[in-house]
Amino acid sequence: MKFIKATDYMDMSRKAANIISAQIIMKPNCVLGLATGSSPIGIYNQLVEWYQKGDLDFSQVTTINLDEYKGLSKDNEQSYYHFMDEKLFSRVNIKKERIFLPNGMEKDSTKACDDYNNIIESCKGVDLQLLGIGHNGHIGFNEPGEEFKAKTHCVDLAESTIIANQRFFSTIEEVPKQAYTVGIKTIMQAEKIVVVVSGEEKAEIVKEAFFGPITPKVQASILQLHNDVTIVADEAALSMIEL
Ligand code: F6R
């Protein structure tokens with residue numbers, strides 16, 4: 001695992017955006033695995049800025065997002081599709097038909113997951129997977145449990161995740177209790193993985209996930225077994241480890 005130390009959130013975002021931008025320049029038709037949440041917002045802003053300057057071209061890029069809430073439509077303001085559209089897709093020249101997220105409106109979980117697995121397969125592999133990490137060590141919505149789930153599945157969100165995500169909703173009751181998420185095998189099959197982590201409140205999980213035992217109780221710990229993981233983290237997030 002490679003650690004890149006950033007001074008703060010802005011610096012982390014710029015450094016991680018540089019890696020993604022290099023990927024797009026080196027392989028214009030690359031497949032990017034993308035995440036939502038607070039961690040990647042600065043990266044998306046930076047990528048948009050470089051696109052506006054004419055330094056980046058998304059016209060051949062394909063994106064596969066990690067997850068989507070079950071029951072939320074694309075135009076629901078809390079859906080991950082809406083988040084991605086607002087933060088990135090509508091601001092760059094990516095083709096709409098090359099944007100993929102699980103279909104939150106598909107009630108049949110088996111169908112929703114099979115469909116997404118087929119999409120992922122048809123894209124023939126993720127070149128670069130961007131990840132954030134939850135306070136409980138989740139990646140995507142792979143919550144702590146007894147096993148690593150391989151492929152796309154429907155999850156009951158952990159209470160801590162529902163509480164953490166409440167900030168995007170008016171009331172806790174509005175936070176969906178289930179989501180579709182890609183599995184750990186899909187994440188691990190990416191050629192390259194970039195994890196972004198910021199803030200003191202993530203310092204403990206950084207230590208546990210990347211320096212503790214590999215266990216499904218801390219799903220991100222599996223990343224220790226991948227041969228090309230770069231963790232871009234700010235000083236606060238790295239405050240409990242020595243590099
Ligand atoms: C989002 C996702 C989640 C987040 C994680 C961290 O698509 O897959 O695993 O990356 O919950 O969220 P933030 O960045 O908001 O702390």
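A residue counts as near a molecule if one of its heavy atoms lies within 4 Å of it. With that in mind, 14 residues sit around the ligand here, and Ser39, Asp67, His138, Gly140 and Lys202 come nearest. Keep in mind that this is a predicted model.

**Ligand site**
- Ser39 is one of the nearest residues to the ligand, and an N or O atom in the Ser39 side chain is 2.4 Å from a ligand oxygen.
- Asp67 is also among the nearest; here the distance from a side-chain N or O atom to an oxygen of the ligand is 2.7 Å.
- Thr36 has a polar side-chain atom 2.8 Å from an oxygen atom of the ligand.

**Annotated domain**
- The unreviewed UniProt entry puts the feature "domain: Glucosamine/galactosamine-6-phosphate isomerase" at residues 13–211.

- As a reminder, strands of a sheet pair through backbone hydrogen bonds, either parallel or antiparallel.

**Strand 10 and its neighbours**
- Strand 10 (residues 229–234) is largely enclosed by the rest of the structure, because 6 of its 6 residues are buried.
- Both of its faces are covered: Val229, Ile231 and Ala233 are buried on one side, and Thr230, Val232 and Asp234 are buried on the other.
- On one flank, strand 1 (residues 2–6) runs parallel to strand 10 and is joined to it by 5 bridges; Ala6 has Asp234 as its bridge partner.
- Strand 9 (residues 192–197) also runs parallel to strand 10, again with 5 bridges.
- In that pairing, Val196 stands opposite Val232, and Val197 stands opposite Ala233.
- To get from strand 9 to strand 10, the chain passes through helix 7 (residues 203–211), making a right-handed β-α-β crossover.

**Asn136**
- You'll find Asn136 in the loop between strand 6 (128–131) and strand 7 (153–156).
- The Asn136 side chain reaches the backbone nitrogen of His138 at 3.0 Å, and His138 is itself one of the residues that come nearest to the ligand.
- Leaving aside residues up to four places away in sequence, Asn136 touches Glu143, Pro144, Ala158, Ser160, Thr161, Ile205, Lys217 and Val218.
- Among those contacts is Ile205, which falls within helix 7 (residues 203–211).

**Ile187**
- Not counting residues up to four places away in sequence, the residues Ile187 touches are Leu66, Gln129, Leu131, Ile139, Asn142, Val182, Ile193 and Leu223.
- One of them, Ile193, belongs to strand 9 (residues 192–197), while Gln129 and Leu131 lie in strand 6 (128–131).
- Ile187 and Ile64 are 123 residues apart along the chain, with 11 Å between their C-alpha atoms.

Notes:
Residues are numbered from 1 along each chain as its sequence is written. This is a predicted model: local features need pLDDT of at least 70, side-chain atom pairs count only at pLDDT 80 or more; totals for chains, interfaces and linings use all residues. Side-chain values use heavy atoms; hydrogens and water are left out. UniProt positions are given in the numbering used here, feature names are shortened, and annotations may be inferred rather than shown by experiment. Buried means under 20% relative accessible area, exposed over 50%, partly exposed in between (1.4 Å probe, protein chains only). Helices (H or I, at least four residues) and strands (E, at least two) are DSSP runs, numbered from the N terminus. Two strands pair if DSSP finds at least two bridges between them. A crossover is right-handed if, with the strands pointing away from the viewer, the path from the first strand over the helix to the second runs clockwise. A polar contact is a pair of N or O atoms within 3.5 Å; within protein, one must be able to donate a hydrogen and the other to accept it, and residues adjacent in sequence count only if both atoms are side-chain atoms. Contact means heavy atoms within 4.5 Å.
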